[in-house]
Amino acid sequence: MKRGLAVALGILTAIGGFVDIGDIVTNAQVGSRFGLALVWVVVTGVAGICVFAEMSGRVAAVSGRATFDVVRERLGPRVGLMNLVASASITLLTFIAEIGGVALALQLATSINYFLWIPLVGFLVWVVLWRVKFVLLENVFGLMGLALIAFGVAVWQLGPDWGDLWEQAAQPGTPPGESAFTYWYYAVALLGAAMTPYEVFFFSSGGVEEKWKTRDIPVMRANVFVGFPLGGVLSISIAAAAAVVLLPMSIQADTLGQVALPVAVALGKIGLVVVLVGFFAATFGAACETGLSVGYSISQYFGWQWGKYVRPREAARFHLTILLGTILGVAVLLTTVDPIKVTEYSVVFSALALPLTYFPILVVANDRDYMGQHANSRTANALGTLFLFIIGVASLAAIPLMVVTKAGQ
Amino acid sequence: MPTVAVPPQVPRVLRLTRTILLVVALALVLSACVTPALNAADYRDKALGSAEAATSEVGTAKLVCGLLLRERVLQSTADETLGASEDALGSISDSLLAVQPPRGADPIYLRLATQLDRAESAVRDARIAARRSDTDALVDLVGRMDTILADLAATEELLA
Amino acid sequence: MVRRQDLSGRQLDAALQLLDRQIVDSDGRMVAKVDDIELSERDGELEVTALLIGPGALGSRLRGELGRLVTSVWRRLRTDARPMPGRIEMSEVVRIDSAIHVAPSISELESVPGVNGYEQWVRQHIIERLPGASDE
């Protein structure tokens with residue numbers, strides 16, 4: 001019974017914790033411009049993150065080593081360092097976007113300008129990372145993030161033409177007025193948003209924080225294979241809400257306020273409040289995850305003690321990294337850069353960096369010296385290779401598409 | 001101090017990184033630039049983009065006004081969303097005005113500039129009415145925005 | 001300096017296996033990465049005598065401009081005339097799996113100069129000055 005509850009809690013937090021500012025913004029943009037014509041990308045991305053999160057979780061459970069630990073071991077110090085610089089910068093960019101997202105959500109709820117919120121949000125994120133227990137952090141924001149289910153309820157309440165929605169999703173194509181390049185640009189962005197590299201850094205490091213052992217693999221798999229796809233359904237419901245309400249009115253979702261409007265249309269003030277809570281939880285939770293991930297990846301490369309399972313003084317450089325990352329993030333946001341723009345760039349650059357993260361995971365998960373009988377099965381390898389190919393193509397296409405479409409304009 | 005010495009190697013990876021960084025930097029610069037319009041076709045594209053963006057903002061404002069009238073939106077969210085649309089319309093006009101219209105494009109330019117002006121002032125009035133909870137004004141504004149949206153749609157048709 | 005050709009393939013393999021692995025203390029606390037290894041000749045055979053850690057060891061393995069930069073910055077930051085990278089004797093290694101387990105605790109290891117100096121500096125001067133640094 002108790003174990004069942006623990007599994008259920010794990011799955012629920014995996015669902016609520018799946019969506020972050022990148023998913024929210026990109027899905028709403030795509031839904032408002034292309035309807036459901038890009039849902040197949042979200043499905044692909046979620047399948048991809050499941051395959052690789054399971055591998056990285058398995059490596060963590062069997063060997064006690066998190067992703068960046070093995071990145072350096074496999075790639076050597078030099079290539080490993082370049083990988084670290086790329087991955088940590090993109091995670092930092094995502095971290096900045098998340099803090100901005102929290103501030104924007106608070107602005108929508110209070111009418112107080114988001115600039116005033118940024119330093120406070122930065123401070124709160126740091127306090128949480130400094131003081132709050134890992135499990136508590138994961139559970140509270142994961143469960144609160146479930147408030148985003150309001151998007152699904154809204155779509156259902158709006159009573160759309162389901163046949164039409166199904167057709168949009170099943171027979172994808174470029175809608176009139178959009179070029180094929182923009183279509184594929186947003187496909188890459190959606191893939192980057194769904195498969196953001198920090199998710200596996202965080203997931204595998206979290207496994208070490210929670211001291212997973214080989215016997216925890218089934219629970220980990222339940223979280224991944226049930227929780228992540230349901231989290232993906234939340235992403236799709238954001239796109240669907242935008243497709244049903246905003247697309248017919250030719251509204252492009254460029255602000256967080258526009259993303260929330262379909263829920264207000266369907267469910268009124270209460271629904272809107274629930275969505276704002278969901279925005280806050282999803283972005284704040286993701287800010288914590290990305291902030292930690294910056295610390296995790298850098299510490300793991302250099303071999304420093306890291307993690308929230310020890311006292312801060314025992315992981316001094318890890319906590320210093322997080323502190324500096326937070327200060328830098330707040331400073332960047334205070335330059336008046338638009339958090340939504342930062343988000344857009346962060347998902348495309350994530351797509352660019354995907355192979356850097358996922359290739360070493362595939363290699364290590366295959367290493368029998370390391371993994372013993374828990375090394376990759378044929379299925380896992382076939383899927384891993386397939387997704388590596390897909391993200392390789394997306395990675396190569398990311399920058400050219402960005403230039404051609406002027407970042408999706 | 002004995003260590004494993006590794007024969008020196010051409011840092012090909014480093015060169016590759018440099019190239020990648022350069023490409024990324026270039027991409028950022030290119031994507032951030034507003035290209036000046038060179039010929040009539042480019043100008044029409046630019047104008048079409050502005051009209052579509054304006055439609056999106058006016059549509060948002062109209063949606064919010066409707067929600068306010070039915071009491072389905074929080075005051076703060078309505079306020080912020082209207083404010084954001086007003087700002088966005090301001091920058092749409094600014095970026096259109098920054099482009100030199102080519103010869104013969106004056107009708108398009110004048111038509112669109114007027115529509116953008118009307119759009120911006122309607123959204124501004126909506127923000128003011130929303131803060132005052134002025135229902136009558138909001139009802140009026142929904143009508144005004146409908147006209148503006150129809151005009152913008154006509155412009156888009158003309159340019160497409 | 002030991003050149004690569006002086007080592008038999010198998011020996012080199014074994015030595016390289018140690019590189020870039022995580023060193024873990026008796027309590028499972030993370031100590032450092034194996035940034036380099038020290039090889040010595042004993043009875044005509046080469047063996048690994050110590051694990052070298054810290055930027056002083058990592059710099060030489062990064063090679064090129066970057067490696068030189070790391071090494072020279074590390075040298076500047078050290079007060080001793082001939083700074084040596086931190087070392088952990090191979091005799092202290094008790095087990096090697098996905099990590100390298102050593103017998104001493106991290107505090108014993110850190111009492112040796114050159115081992116985790118920056119960690120200790122950051123702990124003393126920054127982290128411990130913040131409230132709650134020692135709370136569970």
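In chain A of this predicted model, helix α3(A) meets helix α11(A) through A:V39, A:V42, A:V46, A:I49, A:C50, A:A53, A:E54, A:G57, A:R58 and A:A61. The residues on the α11(A) side are A:I217, A:M220, A:R221, A:V224, A:F225, A:F228, A:P229, A:G232, A:S235, A:I236 and A:A239. Two residues are in contact if their C-beta atoms, placed from the backbone, lie within 7 Å. The residues of this contact comprise 15 nonpolar, three polar and three charged, where Ala, Val, Leu, Ile, Met, Phe, Trp, Tyr, Cys and Pro count as nonpolar, Asp, Glu, Lys and Arg as charged, and the others, Gly among them, as polar. Helices (H or I, at least four residues) and strands (E, at least two) are DSSP runs numbered from the N terminus. Residues are numbered from 1 along each chain as its sequence is written, and chains are lettered from A in the order in which they are written. Local features need pLDDT of at least 70, side-chain atom pairs count only at pLDDT 80 or more, and totals for chains, interfaces and linings use all residues.

Helix α3 (residues 39–63) and helix α11 (residues 217–245) of chain A pack at an angle of about 155°, their axes being 9 Å apart. Axes are lines fitted to C-alpha atoms, for helices over the stretch in contact, with angles from 0 to 180 degrees between N-to-C directions. The pair is therefore roughly antiparallel (over 145 degrees).

Helix α9 (residues 180–194) of chain A spans 21 Å from its first C-alpha to its last, close to the expected 21 Å (1.5 Å times one less than its number of residues). Twelve of its 15 residues are buried, so α9(A) is largely enclosed by the rest of the structure. Burial requires 20 or more other C-beta atoms within 10 Å of a residue's own, with C-beta atoms placed from the backbone. Among the buried residues of α9(A) are A:Y183, A:Y185, A:Y186 and A:L190. Their cover includes α2 (21–34), α3, α11, α14 (339–365) and α16 (378–404) of chain A.

Chain B contains five helices and zero strands. Of its 160 residues, 37% count as buried. Residues 24 or more positions apart account for 82% of the chain B contacts with a separation of 6 or more.

Key: Angles under 35 degrees count as roughly parallel, over 145 as roughly antiparallel, 65 to 115 as roughly perpendicular and the rest as oblique.
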